[in-house]
Amino acid sequence: MARTPGQAARRDPDWEGVRLHVVSGKGGTGKTTLAAALALALAADGGRVLLIEVEGRQGVAELFGIAALPYEERRIASVSRAQLGLPAAEGGPGEVFALAIDTELALLEYLEMFYKLGRAGKALQKVGFVDFATTIAPGVRDVLLTGKACEATRRKDPDGRRRYDAVVMDAPPTGRLTRFLNVNAEVAGLARIGPIHTQAQAVMRVLKSPETAVHLVTLLEEMPVQETVDGIEELREARLPVGGVMVNMVRPPVLDAAAVAAVDGDHREEVALALGEAGLGGRTRTGEKVRAAVEPLLDPLLEQAREHAERVELERAQRADIQQLRLPTYELPLLGEGVDLGGLYRLAGELKRQGAA
Ligand SMILES: Nc1ncnc2c1ncn2[C@@H]1O[C@H](COP(=O)(O)OP(=O)(O)O)[C@@H](O)[C@H]1O
Ligand SMILES: [Mg+2]
């Protein structure tokens, strides 16, 4: 889109010009799920999106209901706006490709790239060098993973067209994230000249550029929110580009604000009456009998209401903490039936409706 210089300052930090989306968050909050949903959302208007899984769990294959992914980019889905429940527009459908990175193969590729090891690389594999290197130097693994993501982001086809319009990386959890993304800065410092230095610097240039955005997934719970707040501080200190916050598994409120506020009062009689009116205890009985019939229900019900009100209050406090971050925020519903392919497309549509992608 054409912009005047004045408009550039209002750049949308999480989507405008971003081509590498890094998705992190506390473990179990839905990183893999939302990375996949984001890839679908980004592809819906057309174009090619690569979804990279780095943790070796084959979570993407499981989500899409396909066989385990080889260490090779595979087309896993074609997606249109209509499939995401969005009104038709120009462009689309687009395609999602996926890659599950195999550390050992990535290391051989890396060695070949710089030292043209060829068959010697295979020999190294036989003597267990790869195991050795990846075990003694956990950093090496991260160099390979980030290197691969940046390579895919920059790759061009022979006709000069970008191979991928966007790359989404299902990254390690927040606790390890900054170290993971910054590993190439360390490498560039260690190898001060030569091809490894050059490669490491090129990776850092992509990761720290406005072409990259790191999104964090959280739940409306204390621990994941705290981890998100800390994670964003760390990213900012490391000068890595922060994108948006994705609040996952949001439950719809059952009680409205007035009902929540009223929970502390004594409402036994009111509730008993309402239950009677709703037909509990039998319509034909006399008032007293109804009261006796609904009596055993009262305490458990009021207790549930109190618990719900507590949760609503807790969530309100967590939302306030998230708002303080002043970042674009997206809310994704808790899917009661779990995340099947339909659910995944629903989450993708939700992301897009809220302005993501
Ligand atoms: N919005 C959601 N509604 C319901 N279940 C979800 C949702 N998002 C994720 N899940 C489920 O939560 C579990 C953890 O999700 P996953 O994406 O594997 O998390 P992570 O990659 O952060 O460990 C999975 O079983 C997934 O299906
Ligand atoms: Mg995961």
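Student: Which hand is the crossing where H2 passes H14, left or right?

Tutor: Right-handed. Keep in mind that this is a predicted model.

Student: What angle do H2 and H14 pack at, and how far apart are their axes?

Tutor: The angle is about 65°, and the axes are 8 Å apart. H2 covers residues 31–43, and H14 covers residues 341–353.

Student: Which residues in H2 meet H14?

Tutor: Thr 33, Leu 34, Ala 36, Ala 37, Leu 38, Leu 40 and Ala 41. On the H14 side they meet Leu 344, Tyr 345, Leu 347, Ala 348, Leu 351 and Lys 352.

Student: New topic, backbone. Which phi does Arg 239 have, positive or negative?

Tutor: Positive, about 60°, although Arg 239 is not a glycine. Arg 239 sits in the loop between helix H10 (222–237) and strand E7 (242–250).

Student: Is Arg 239 buried or exposed?

Tutor: Exposed, because its relative accessible area is 65% and the cut-off for exposed is over 50%.

Student: And what about the phi of Met 249?

Tutor: Met 249 has a positive phi too, about 55°, and is not a glycine. Met 249 is in strand E7. At 35% relative accessibility, Met 249 is partly exposed.

Student: Now the surface. Which residues form a nonpolar patch?

Tutor: Leu 280, Leu 297 and Leu 301. Together they have about 220 Å² of accessible area.

Student: Where is Leu 297 found?

Tutor: In helix H13, residues 287–323.

Student: Why does Leu 297 count as partly exposed?

Tutor: Because its relative accessible area is 35%, which lies between the 20% and 50% cut-offs.

Key. Residues are numbered from 1 along each chain as its sequence is written. Chains are lettered from A and ligands numbered from 1 in the order in which they are written. This is a predicted model: local features need pLDDT of at least 70, side-chain atom pairs count only at pLDDT 80 or more; totals for chains, interfaces and linings use all residues. Side-chain values use heavy atoms; hydrogens and water are left out. Patches are made of residues with over 30% relative accessible area and no salt bridge: like charges are joined within 9 Å, nonpolar side chains (Val, Leu, Ile, Met, Phe, Trp, Tyr) within 5 Å. Accessible areas come from the Shrake-Rupley method with a 1.4 Å probe; for residues, only the protein chains shown count as cover. A salt bridge is a side-chain nitrogen of Lys or Arg within 4 Å of a carboxyl oxygen of Asp or Glu. Helices (H or I, at least four residues) and strands (E, at least two) are DSSP runs, numbered from the N terminus. Buried means under 20% relative accessible area, exposed over 50%, partly exposed in between (1.4 Å probe, protein chains only). Axes are lines fitted to C-alpha atoms, for helices over the stretch in contact, and angles run from 0 to 180 degrees between N-to-C directions. A crossing is left-handed if the near helix is turned anticlockwise from the far one by less than a right angle, and right-handed if clockwise. Contact means heavy atoms within 4.5 Å.
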